[in-house]
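Good morning, and thank you for joining this presentation.

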Amino acid sequence: MGLHTPRYKGLLGWVDARMPSIMDIFEAHIANYYAPKNFNFWYFFGSIAAVVLVIQLVSGAFLAMHYKPDSRLAFWSVELIMREVQGGWLIRYMHSVGASFFFIVIYFHIFRAMLYGSYRTPREIVWIAGCVLFLALMAESFFGYLLPWGQMSFWGAQVIINLFSSIPVIGPDLSTWIRGDFVIGDATLNRFFALHTMVMPTVMIGLIVAHVMALHDVGSNNPDGIEIKEHRGDDGKPLDGIPFHPYYTVHDIYGIAFFFIIYFAVVFFAPEMGGVFLEGNNFIPADPMQTPLHIAPLWYFTPFYTILRATTADFLPWLGGAVLALGALTYFTVRGWRVRLFVAAMTALAFSFATVHKVQLDAKLWGVILMAVSVTILFALPWLDHSPVKSMRYRPTWHRVLLFVFIAAFFVLGYFGMEEPNPMRNIISQFCMAIYFGFFALMPWWSRMGTFKPVPDRVRFTAH
Ligand code: HEM
């Protein structure tokens, strides 16, 4: 009859006889995927991120049933959803709180990778797919934030799109092209709606598939940073691995349940989070004739926004000095005259652009460059970290201290991005920027320094 021999009974067997590839995927990626048995708290966030994506897709689809992507109607259609549509307020709050939780979860997820060196060989592609996902998530939330067409939507988009106009030569035309008009208007709203609801979700789903496929090809890292595939039993299975199903499916459901408790507590009791998750100014319809006194992006962009804002003209000589120091350090570290020549030329170029009159780039453009670098530098992490061991557990304690100082600087940058700037805050922000960039730029040197602890052969695990 041309049917495959089913591996299961009942309905599942009926499907398996006709479409075995479904259960092949289940077996390869869930039932027979061996994950290290010592996963801890930090390993919940990958599956929680996938759950948040589903929340956003479902709540977004329901919002789109009532939302009007028209600059005259958009704001009022959101008000209609909040006041008239049955359960509309819940759907809207689930979506807006979901956006903030998506970033919280992803920041935890990235932190875990930094803690255990999960970006190191052989997981570079997992990491790169993750970094592209992070950029996609940022784009997705930026497009979405324009849709309610409130004051912050309008002026936030105005500030960010204007940044493109500081790019030499093509900048002004590029920003007009992005807006589809000389000012943010109906054309911008329409394209952002298409990008937010169709393009970016599709891109993100594709990236997640690539991310997880790459991970399953090489296998998961773990808090000890040991490759479990290096110790296999007679059956060829990793001795320190357990099948993802049922062990981690149950484990993850437990983590997801906790997540839901916290998420719904916020949705029901503090959906605006005191203006942090939904800003007060965004409950005022967009008015192109009236600039709000204080324009700030949502909290998850503020560390990068502060880097943009704190790059003022008085910071450029410091930047020049840092470029020179880093250039000299790199010059004396690399080998081969061609590489050295390249390093010297790039250092001279960057130094002149930062300090030399006439060729010096505008501080605003430097701000845009540094902001872009502050995000994209993540891509380089696998090649910046030269530590002989992956996990922080076996690195010198001061490496852990450095990581926490870096995180603290990131928090301070984030906090100042939400507040109005003043000279004192600017200086502190510049200091935190130095920590932020210094952490990455000097990593090739500091990551191999100090006394490393011996890494055990097998993972550390106590049954609980
Ligand atoms: C929508 C966003 C994302 C989703 C749904 C997602 C999903 C997942 C899942 C399900 C896992 C396996 C479970 C786990 O280790 O927690 C994983 C692992 C991983 N993810 Fe993501 N991820 C996302 C974004 C990112 C980002 C932004 C990065 C880094 C910039 C990243 C880096 C990693 C790394 C390095 C691993 C391997 C961890 C290890 O084996 O120790 N992911 N991700």
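Two residues are in contact if their C-beta atoms, placed from the backbone, lie within 7 Å. With that rule, and leaving aside neighbours within four places in sequence, A17 is in contact with L3, H4 and P6. Please note that this is a predicted model, in which local features need pLDDT of at least 70 and side-chain atom pairs count only at pLDDT 80 or more, while totals for chains, interfaces and linings use all residues. Residues are numbered from 1 along each chain as its sequence is written.

A17 belongs to helix α1, residues 10-18. For burial, we count the other C-beta atoms, placed from the backbone, within 10 Å of a residue's own: 20 or more is buried, 12 or fewer is exposed, and anything in between is partly exposed. A17 is partly exposed because it has 16 C-beta neighbours inside 10 Å. Between A17 and P238, which are 221 residues apart in sequence, the C-alpha to C-alpha distance is 30 Å.

I turn now to the chain as a whole. It holds 18 helices and two strands. Its C-alpha atoms fill a box of roughly 70 × 65 × 45 Å, taken along the principal axes. The radius of gyration, taken over C-alpha atoms, can be set against a globule rule of 2.2 Å times the number of residues to the power 0.38. For 464 residues a compact globule would have a value near 23 Å, and the chain has 25 Å, which agrees. Of the 464 residues, 31% count as buried. Among contacts between residues at least 6 apart in sequence, 75% join residues at least 24 apart.

Next, the ligand. A residue is near a molecule if its C-beta atom, placed from the backbone, lies within 6 Å of that molecule. Which of the 28 residues around the ligand come nearest? They are G46, A49, S118, G130 and N221. At least two residues of the shell come from each of α3 (45-64), α5 (88-116), α6 (124-146) and α9 (186-218). In classing residues, Ala, Val, Leu, Ile, Met, Phe, Trp, Tyr, Cys and Pro count as nonpolar, Asp, Glu, Lys and Arg as charged, and the others, Gly among them, as polar. By that scheme the shell has 19 nonpolar residues, eight polar and one charged.

Let us consider how helices pack. Two packed helices are described by the angle between their axes and the distance between the axes. The axes are lines fitted to C-alpha atoms, for helices over the stretch in contact, and angles run from 0 to 180 degrees between N-to-C directions. Angles under 35 degrees count as roughly parallel, over 145 as roughly antiparallel, 65 to 115 as roughly perpendicular, and the rest as oblique.

At what angle do α6 and helix α7, residues 151-164, pack? The angle is about 135°, and the axes are 8 Å apart. The pair is therefore oblique. F142, Y145 and L146 of α6 make this contact with S153, G156, A157 and I160 of α7. Five of the contact residues are nonpolar, two are polar and none is charged.

A second pair is helix α11, residues 302-310, with helix α16, residues 397-418: the angle is about 75° and the axes are 7 Å apart. This makes α11 roughly perpendicular to α16. On the α11 side are T302, P303, Y305, T306 and I307, which meet F410, L413, G414, F416, G417 and M418 of α16. That contact has seven nonpolar, four polar and no charged residues.

Finally, some backbone details. Most residues other than glycine have a negative phi, and most peptide bonds are trans. The bond joining T121 and P122 is cis, with omega about 5°, and P122 sits in the loop between α5 and α6. Another cis bond runs from H245 to P246, with omega near 10°. W149, in the loop between α6 and α7, has a positive phi of about 55° although it is not a glycine. Is W149 buried or exposed? W149 is buried, because 24 other C-beta atoms lie within 10 Å. K358 also has a positive phi, near 80°, but K358 is exposed, with 5 other C-beta atoms within 10 Å.

Technical notes: Helix = DSSP H or I, 4+ residues; strand = E, 2+ residues; numbered from the N terminus.
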